[in-house]
Amino acid sequence: MTIKFGSCNLCEAMCGLEFTVEDNTVTSVRGDKQDPLSRGHICPKAVSLIDLHADPDRLIKPVRRTDSGWQEIDWDEAYELVAEGLASTRKKHGSNAVGIYQGNPNVHSLGAMTHGIPFTSMLRTKNRYSATSLDQLPHQLVNHLLYGHQLALPIPDIDRTDFFLVLGGNPMASNGSMMTVPDFANRVRDLKARGGKLVVIDPRRTETADIADVHHFVRPGTDALLLLALINSIVGSGKTRTAAYVDGEAEIASLVADFTPASVAPVVGISAEDITTLAKDFAEADAAVAYGRMGVSTQQFGSVCQWAIQVLNILTGNLDRVGGAMLTDPAIDLVEKNIVGRGHFDKWRSRVRDLPEFAGEFPCSTMVDEMTTPGDGQIRAMAVFSGNPVLSMPGGEKLDRAFAELDFMVSFDFYINETSRHADVILPPTMSLERDHYDLIFQTFAVRNTAKFMPAVLTKKAGAKADWEIFRDLAVRYQAALAGSTLGALRARLTPKSIVTEARLRLSPRRTVDVLLRNHRKGLSVSKLAKSPHGVDLGPLEPGLPRKLRTWNKRIQLVQDIIVAELPALHDLMTTTEVPTDGQLLMIGRRHLRSNNSWMHNAPRLTKGKPRHQLLAHPDDLTARGIEDGSLVAVTSAAGAVEIEVIATDRMMPGVVSMPHGFGHQRKGVELSVASSVVGASANDITDPQQVDAVSANAILNGVPVTIAAV
Ligand SMILES: Nc1nc2c(c(=O)[nH]1)N[C@H]1C(S)=C(S)[C@@H](COP(=O)(O)OP(=O)(O)OC[C@H]3O[C@@H](n4cnc5c(=O)[nH]c(N)nc54)[C@H](O)[C@@H]3O)O[C@H]1N2
Ligand SMILES: Nc1nc2c(c(=O)[nH]1)N[C@H]1C(S)=C(S)[C@@H](COP(=O)(O)OP(=O)(O)OC[C@H]3O[C@@H](n4cnc5c(=O)[nH]c(N)nc54)[C@H](O)[C@@H]3O)O[C@H]1N2
Ligand code: SF4
Ligand SMILES: [Mo]
């Protein structure tokens, strides 16, 4: 028996873990009390890693779909099929005929970051999609506009703030997002102990609202009005503390002039008095910080919301201030070292709906259009990297059919899920405990600077491959298939760029991390980190502006044309008297501590107990429709309909219903033995791909108008 230390990579919290290992099997998982960031915090998902590693449904070797079912094949055959499938589509129909989707777990795998990115760049397709546009695209766009880099996201200094305003986030269930904050509950306890306040704005009284000092219901999709009114109130009080490197405060004052607390109150659902008090408390706190997540990102005015949150922090002097929001100083600094590009917006547009790209990706809400609309550039083959678009993207049902029509499809996944069931070949990488890990992405968003390298805890099973090995080996076959020649002939034709790509692919993730660490002023290396298995503490967040700005003139321009262009629409929203109309309700999403997006529903530890995929509704809304608590209802939107059990609860704002995503597993050919308690229905069969954030084209997953009726 040995004890090993590492990190959890399932969500953004990066909790330090302590593993007991016997016979190359993890027998227990505990929180690592000595981890400088998570301090022993852990959630039930980390323990379920034991279930996932032992799961007989998990793929170890590649499988191929045949008329008589799935057939296990060896890696060489799988590589040949995939290289040929991707290359022949490209040769026949052009490079844009191959689409790619990079799902959420991509950013949680070191190998996918170091090797998946160079591999996908070899495909040279404009049809790139990722979970970004189902999620934090508005954050990245706003970072790009205000701070000059898509990942330059100021992080709430939760450990030193006096006033924490959370809009549309539920860190008690999600453990924080675009803010890596393990141990959230204790950090809030400490905040209160030093006299600070937590205020939550959410249409559901969430687990986070339960520990807040103040919770306000807000009508879904109207937060932009609330935020503009807060800015209006603060500007009006003359209590701004704007830094010298910020331009545009006077213009902002005139732009928000109409959006007074009194004029937005009826639509937002919060009284003018409460809005004014909130503005005053925020502006007068020594250090305050506003933070907004999924609920204010994946909604109609997602980009305006994320912009207004930054403006609120900036005008109150809380940007770049201890206890406010600051840019991080990770040991591998993706922003400062330009390891990730600064991003670009609307340099080209999508073929069917003319929607803007961001950082080379099109919005997910139009992926199904690009797959199903005939013409030059139509997607005819797809490569899906750790994702499940059929359950995760709006228009899931249509996508399900579209995947079935492709000429070729490959999934990189260790499960046969609702999406990968359509693949011709599935390439399964090893799972998290079988590979080295360093968190390249979430160190950038953490509330404290730390660094940790986790060597693989388990030896991979015979015949298994890590994701980086798959990308490395497949890249060679793909180049060969594209050149239509032998490996030798191909090598003779290598360009300098492809030589660099190939060199990057040959370097293991561990070596890549070592090079990146040594390249930074903190003077760390993998071998130095190996001596600190609990991780290294690099200290609290520190102010660093304007030095850290990546804008061309090292200044922040508050007034952004593409945001200002949305103000008339917000004006219309403000003057609407009925939201929504015709007895409609607004549907929002929900996350649970024991569930993770569309997967982990086969881990016995997580799925035991009560089901939690139901629709939540206010009792009055059910009574008004003659619907009984616990009964089956039909939920219908402009995009489709599903049937699901409903639970009455006064934790919902009247007029709002909540349904989690990632359920609806009962599909033919899905070899995922999920517990019946988590079957449910897919929320994305009723979210509408036609409705997007007008600025960024991010998906709208919250505030979807629906009707409900007894079945
Ligand atoms: N209605 C609605 N829809 C939503 C959301 C919502 O709130 N409401 N949330 C959106 C958000 S924020 C996100 S991020 C997306 C997430 O949606 P997706 O991007 O589709 O990601 P997951 O559902 O996490 O997909 C997980 C798949 O990756 C596989 N996987 C896990 N780890 C690895 C690995 O290391 N390597 C490989 N190759 N595969 C792996 C799993 O087996 C599983 O099949 O959903 C979005 N969809
Ligand atoms: N246990 C668990 N943890 C996770 C995940 C998971 O699936 N399970 N997923 C991970 C991923 S991929 C992500 S992106 C993060 C997401 O992290 P969070 O954003 O913190 O998680 P959500 O539960 O989606 O929280 C969104 C909140 O917004 C509220 N909301 C909905 N509409 C509106 C609105 O119009 N206005 C306001 N103000 N609020 C609204 C919802 O009620 C909900 O409480 O969580 C990550 N962590
Ligand atoms: S909170 Fe996230 S990182 Fe921490 S143990 Fe749970 S799943 Fe893992
Ligand atoms: Mo996400």
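Which residues are closest to ligand 2? This is a predicted model, and in it the closest are Ser174, Asp202, Asp223, Ser595 and Asn597, out of 30 residues that surround ligand 2.

Now the polar contacts of that ligand. A polar side-chain atom of Asp223 sits 2.7 Å from a nitrogen atom of ligand 2. Backbone atoms take part as well: a polar one of Ile201 is 3.0 Å from a nitrogen atom of the ligand, and a polar one of Leu593 is 3.5 Å from a nitrogen atom of the ligand. On its own, ligand 2 exposes 910 Å², and 97% of that is buried by the protein.

As for where the shell comes from, helix H6 (171-174) and helix H13 (294-297) are the elements that give two or more residues to it. H13 has the largest share, 3 residues. By class, the shell around ligand 2 holds 9 nonpolar, 15 polar and 6 charged residues. At the domain level, domain 3 (157-321 + 553-567) and domain 4 (580-710) each supply at least three residues.

On to ligand 1. There are 26 residues around ligand 1, and Tyr101, Ser392, Asp413, Asn417 and Ser598 come nearest.

- Asp413 has a polar side-chain atom 2.7 Å from an oxygen atom of ligand 1.
- Asn417 has a polar side-chain atom 2.6 Å from an oxygen atom of ligand 1.
- Ser598 has a side-chain N or O atom 2.6 Å from an oxygen atom of ligand 1.

Ligand 1 has 910 Å² of accessible area by itself, of which the protein covers 96%. The shell around ligand 1 splits into 11 nonpolar, 11 polar and 4 charged residues. Ligand 1 lies between domain 2 (63-134 + 336-539) and domain 4 (580-710), because both give residues to its shell.

Next, the helix. In H20, residues 496-506, the buried residues include Ser498, Thr501, Glu502 and Leu505. These four are on the same side of H20 because they cover an arc of only 95 degrees around the axis. Pro496 and Val500, on the other side of H20, are exposed.

Last, the arginine. Arg353 is in the loop between strand S15 (345-349) and strand S16 (356-358). Is Arg353 buried or exposed? Arg353 counts as buried, because its relative accessibility is 19% and the cut-off is under 20%. The side chain of Arg353 reaches the backbone oxygen of Pro689 at 2.9 Å.

That is the end of my part.

Technical notes
Residues are numbered from 1 along each chain as its sequence is written. Chains are lettered from A and ligands numbered from 1 in the order in which they are written. This is a predicted model: local features need pLDDT of at least 70, side-chain atom pairs count only at pLDDT 80 or more; totals for chains, interfaces and linings use all residues. Side-chain values use heavy atoms; hydrogens and water are left out. Buried means under 20% relative accessible area, exposed over 50%, partly exposed in between (1.4 Å probe, protein chains only). The arc is that of the directions from the helix axis to the C-beta atoms. A residue is near a molecule or strand if one of its heavy atoms lies within 4 Å of it. A polar contact is a pair of N or O atoms within 3.5 Å; within protein, one must be able to donate a hydrogen and the other to accept it, and residues adjacent in sequence count only if both atoms are side-chain atoms. Accessible areas come from the Shrake-Rupley method with a 1.4 Å probe; for residues, only the protein chains shown count as cover. Ala, Val, Leu, Ile, Met, Phe, Trp, Tyr, Cys and Pro count as nonpolar, Asp, Glu, Lys and Arg as charged, and the others, Gly among them, as polar. Domain bounds come from an automatic or database domain assignment.
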